[in-house]
Amino acid sequence: MTRFSLAVFAMAFSLTATASYAADCPVNVESAFDLEEAEVVALYDCVKDAMATGYAKQGDEVGSTYRSWTVTSTRPAVAGPHGNRLLQTFANDVAAEQYLKFAEEGVEMPVGSVLAKESISISKKKKAARPGPLFIMTKLDAGGAPETDDWLYAGLQPNGKPMKFKQAFCHDCHAGWEDQDSLAYPLEDVRISN
């Protein structure tokens, strides 16, 4: 599976978001890549409460608690994968110290590390931002999932319902960052230092 395939898959999931979860957050661009920094910050301020409420709606533990974790960037940014959405990653206490090093070689995340990545999509048709899925990665014990380098991939739709997909679908893209324990990081200009 290529990174392009992951982007197409993630875009398909944005279609599952219902109008009741679309925030009234207008934008004057058709692509998140066209947003200026101040526009991204304002957009995130507009949609962040709707995201947190939606992800927690079904009582998922990660969806209900991730906002109390360490945020890893100064603001959401578009990295390309995950359907060209604006992404903001949170790291639980187990993951935060290692993840915030943003190391490019020899990375080995501790067992129990959990990363939760909020996503915001731009509706070209409605010229508005809306919550996308919450993407979740959990590091398992050695041998817990050898086909995915011991990562368990999950996701929550904007209404808190679990997403269904094959593990390989996510991992086939993440495997491109093998030296980083299959992790991608926020863009360099928005990373929070350790």
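This is a predicted model: local features need pLDDT of at least 70, side-chain atom pairs count only at pLDDT 80 or more; totals for chains, interfaces and linings use all residues.

Q: Which residues of H2 are buried?

A: Val 40, Leu 43, Tyr 44, Val 47, Met 51, Gly 54 and Tyr 55.

Q: Let me zoom out. How many helices and strands are there in the protein?

A: There are 5 helices and 8 strands. Along the sequence the pattern reads α-β-α-α-β-β-β-α-β-β-β-β-α.

Q: What share of the residues is buried?

A: Of the 194 residues in the protein, 51% are buried.

Q: And the contacts, what percentage join residues at least 24 apart?

A: 60%, counting contacts between residues at least 6 apart in sequence.

Q: Now the core. How many residues are in the largest nonpolar one?

A: 25 residues. Those with the most contacts inside it are Leu 35, Leu 43, Val 62, Tyr 66, Leu 86 and Leu 134.

Q: Which elements give two or more residues to this core?

A: H2, E4, E5 and strand E7, which is 134–139. H2 gives the most, with 6 residues.

Q: How many residues does the second core have?

A: That one is separate and has 18 residues, including Ala 95, Phe 102, Val 107 and Cys 170.

Q: Back to Leu 134. What is it in contact with, leaving aside neighbours within four places in sequence?

A: Its partners include Tyr 55, Val 62, Tyr 66, Ala 116 and Leu 156. Val 62 and Tyr 66 also sit with Leu 134 among the residues with the most contacts in the largest core.

Q: What's on each side of E4?

A: Leu 86, Gln 88 and Phe 90 are on one side, and Leu 87, Thr 89 and Ala 91 are on the other. Both faces are covered. In a regular strand the side chains alternate between the two faces of the sheet.

Q: How many bridges join E4 to E5?

A: 6, and the two strands run antiparallel. Phe 90 stands opposite Ala 116 in E5.

Q: What about E2 and E3?

A: Strand E2 (residues 70–71) pairs with E4 in the antiparallel sense over 2 bridges, and Thr 70 stands opposite Ala 91. Strand E3 (residues 77–78) is also antiparallel to E4, joined by 2 bridges. There, Ala 77 stands opposite Leu 87.

Q: I'm curious about Ser 119. Buried or exposed?

A: Buried, because its relative accessibility is 0% and the cut-off for buried is under 20%. Ser 119 is in strand E5, residues 114–123.

Q: What does the side chain of Ser 119 reach?

A: The backbone oxygen of Pro 133, at 2.6 Å. Beyond its neighbours within four places in sequence, Ser 119 is in contact with residues including Met 51, Tyr 55, Arg 85, Leu 86 and Phe 135.

Q: And Ser 182, where does it lie?

A: In the segment after helix H5 (167–174). Ser 182 is buried, with a relative accessible area of 0%. Apart from neighbours within four places in sequence, its contacts include Asp 149, Trp 151, His 171, His 174 and Trp 177.

Q: Last one, Tyr 185. Where is it found?

A: Also in the segment after H5. Tyr 185 is buried, with a relative accessible area of 10%.

Q: Which backbone oxygen does the side chain of Tyr 185 reach?

A: That of Ala 103, at 2.7 Å. Leaving aside neighbours within four places in sequence, Tyr 185 is in contact with Tyr 99, Phe 102, Ala 103, Val 107, Gln 180 and Arg 191. Phe 102 and Val 107 belong to the second core.

Q: How far apart in space are Tyr 185 and Leu 100?

A: 9.0 Å, C-alpha to C-alpha, although they are 85 residues apart in sequence.

How values were computed
Residues are numbered from 1 along each chain as its sequence is written. Side-chain values use heavy atoms; hydrogens and water are left out. Helices (H or I, at least four residues) and strands (E, at least two) are DSSP runs, numbered from the N terminus. Buried means under 20% relative accessible area, exposed over 50%, partly exposed in between (1.4 Å probe, protein chains only). Contact means heavy atoms within 4.5 Å. A polar contact is a pair of N or O atoms within 3.5 Å; within protein, one must be able to donate a hydrogen and the other to accept it, and residues adjacent in sequence count only if both atoms are side-chain atoms. Two strands pair if DSSP finds at least two bridges between them. A nonpolar core is a set of buried Ala, Val, Leu, Ile, Met, Phe, Trp, Tyr and Cys residues joined through side-chain atoms within 4.5 Å.
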